[in-house]
Amino acid sequence: MAHAAAVNRPPERGLDVYTQKVGMWVFLCSEVMFFAGLIGSYIVLRFGALENTWPEPAEVLAVNITAFNTFLLICSSVTMVKAFAAAQAHDDQGIKKWLLATTLIGAGFLGVQVYEYNELINHHFTPSNCVVVRNGVEETCSILYGSTFYTMTGFHGFHVLLGVICLGWATIRAYRGHWSGGNSRGIEILGLYWHFVDLVWIILFTIVYLI
Amino acid sequence: MATAIAEPTGRAVIEEAHPQSFLRKYLFSTDHKVIAAQFLFYTLFFLMIGGLLAVLMRQQIAWPTEPLTLGGILPETMVAKATDGAYMLPEFYNALVTMHGSVMVFLAIMPMLVGVWANFLIPLQLGAHDMAFPRLNMLSFWTMVPAGILTLASFFVVGGAAGAGWTLYAPLSARPDLTGVEMGQILWLIALVFVGLSSILGSVNYITTVINMRAPGMTWFRMPLTVWALFITAILGLLAMPVLSAAGIMLIFDQTIGTSFFIPSNAAGDALSGQPLLWQHLFWFFGHPEVYILILPAMGFTSEILAVGSRKPVFGYKAMVWALISIAFLGFIVWGHHMFQSGMNPALGLAFTVSTLFIAVPSAIKTFNWMGTMWRGNLQLHSAMLFAVGFVAMFAIGGLSGVFMASTPVDIYIHDTYFIVAHIHYVLFGGSLFALFGAIYFWFPKMFGRMMNETLGKIHFWLTLVLFNVVFFPMHGVGMAGMMRRIYDWTGYQHLEGIGATNQIITIAAVGLFASGFLFAFNFFWSIWKGEKAPDNPWGASTLEWSVPSPPKHGNWSEIPVVYHGPHEYSHPDVTDKDWLGQNERPDVVTPAAGSH
């Protein structure tokens, strides 16, 4: 019977990738389209704006602080990779250490973003109001600048928040020994998501803060 | 079952006999078959709601200046009460137009095509114990529940339900001062975000399951066409729904926190420089793939039912698959044909015209292959088969009128007239819903373990077919005569003086069509409890789901089946004892030609 089964063994059964990882990749495809919708709208609105109504990033935003924040998020991708490597190497202490580091850096990113939002709103730059100071004179600018800024960075922040919550949960599980013995799948999947969020931020930082 | 041999990869048998509480078994179940049934009841309810809205709307169109029958029972936010009766308010009419479309598309047809049948059929037809992510699957049903509740609630809030059309064109949808609708519009948008979330979760699940959970031997080109269609549909949903969600969220922000994505100027006349056209691009970037989300699964059901009902293999199986794939691909690059009237560079318009006309090619391939499948077949005209044949005929009419609209000069004339209404109903009712009725008659035995009544089914089919055509065919002419698509009262227009009688006939037939739905509902519910017990394989069908008991038990298979044959093997010359060859029949038991399709 076993022999017959081997002879008749029909070809092909899925990918050589475990199901949860396929699922995360598929989900990230839809996330790409979500951010493509937001970013595409931003491009259309920015190029459609009347002359001189779209401020230069540095006129409104604190680019230096956000550059530091970008650096933080990139560091957190490195620590995430370290956590996954530790899980594959059966290094329980390493898993705890690197997951905790990733969680804390992610939370730090959110903290800086909240601080940034707070400062901007104090300077009357909101989703429905745009003010720039040029030569000491307050001028209004396109509302759309604030609309797109808060929508894009806000949704990215929301994704970071979800990531930090999951990372926190994964860290708690690490201290309970859940990831020991080479059980690295959960960390790998979380890592995929985290790197995606990082990648989106690099694009957003470039188009919103730099150009 | 008897043919399932030792499963090579040795996957553990799923838990079977766990006693489960009522709540876990029927309400918060992770079993794909129960979730499919939940979706079925949910969508049938909203199909009825959507039909009711249509009947109310039709009454106003047929007799625009007369009071509504039974209008007195509606609240004062919907009707104006006078001494001679209650007259429908224009605002309520707008809400009816909007919510009929929205409910039918988002809460009835789309979840019935995908939520019900992708859930039920993908694991069963691929030989899997369940979906890849059963709990995510449960979540995708339960995110639809708030969407339904919010939609129903929106009729009773201040200002009434959304009234800017199902396409939610800005600035009408973005500025409450233009329609008088504020809360209703916001509720509907929130519902839309829930629908999007449900659809994305579902799509992730279906795609992953198809990629990774196929039984041994279930190669890509041995998958039944239904699974192919649902797989391609899931990809469309995965890539299109997030764009609508993003746009919907921006519209919510325009309504609530003072952004101006889609608002060019506010009530005071201040320029805000938002772009209404941006909404149209985002909406139709989603909306045109959505059209194929609504028809591809129907094409899959039809292919399968026609093969079973004709006792012949599907004509051109691979061509059918490639046609599905090319329709899906083209579906992403033709959205501009909804916007010929919105102001568009003629060169771009031409590009959209040509790419749209290309879609006629794979669609025609499919239509001719369906006819090739039936050609000289041993036709079994049971209810499911009748609806499948009806689908082919109605889809051909709807598809051809689609070619009219793809052409810019014709579209400019018929844009936003009843011609469009006729077209959309020929593909969405005559197409999707006919195939759905067929699918329900066909797979009902597998889902509930009982047969539906054939006589009632056939009466339902003929009533539906005749009344459907009486309702929607004349709309082509009314539209060519110039009747506008969403008009509340056409009596003031000289050029529309002659359309009264036609509209009254349409309305009377529409009431009959709505009533015939209750015949179906009676048959459906009566059969669940009182129908004749269904055998495992009542139709003599070859796909995997028919090799397990009706209804299949939790986990579907004790052992994962092994697949040896293509999906639609009927009247195979080498099989002499019956006219079908099960996908999992051992080759050393029967000896067909290898790799057959």
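These are my notebook entries on two chains of a predicted model.

**Ground rules.** I number residues from 1 along each chain as its sequence is written, and chains are lettered from A and ligands numbered from 1 in the order in which they are written.

**Chain A, overall.** Helices (H or I, at least four residues) and strands (E, at least two) are DSSP runs, numbered from the N terminus. From the N terminus on, I read the order α-α-α-α-α-β-β-α-α. The radius of gyration of chain A is 22 Å, well over the 17 Å from the globule rule for 211 residues, so chain A is more spread out than a compact globule. That radius is taken over C-alpha atoms, and the rule is 2.2 Å times the number of residues to the power 0.38. The C-alpha trace of chain A spans about 85 × 40 × 20 Å along its principal axes.

I then checked burial: 34% of the 211 residues in chain A are buried. A residue is buried if 20 or more other C-beta atoms lie within 10 Å of its own, exposed if 12 or fewer, and partly exposed in between, with C-beta atoms placed from the backbone.

**Where A meets B.** I found 40 residues of chain B in contact with 35 residues of chain A; contact means C-beta atoms, placed from the backbone, within 7 Å. On the chain B side, α8(B) gives the largest share, 9 residues. By class, I list that side as 28 nonpolar, 11 polar and 1 charged residues. Nonpolar covers Ala, Val, Leu, Ile, Met, Phe, Trp, Tyr, Cys and Pro, charged covers Asp, Glu, Lys and Arg, and polar takes the others, Gly among them.

**Helix α11 of chain B.** I compared its length with expectation: the 29 residues (346–374) should span 42 Å at 1.5 Å a residue, and the end C-alpha atoms are 42 Å apart, which agrees. The expected span is 1.5 Å times one less than the number of residues. Its buried residues include B:Phe352, B:Ile359 and B:Trp370. The buried residues of α11(B) pack against α9, α10, α12 and α13 of chain B. After the helix comes B:Arg376, with a positive phi near 55 degrees.

**B:Gly72.** I placed B:Gly72 in the loop between α2 (32–62) and β1 (79–82) of chain B. B:Gly72 counts as exposed because it has 11 C-beta neighbours inside 10 Å.

Methods:
This is a predicted model: local features need pLDDT of at least 70, side-chain atom pairs count only at pLDDT 80 or more; totals for chains, interfaces and linings use all residues. Two residues are in contact if their C-beta atoms, placed from the backbone, lie within 7 Å.
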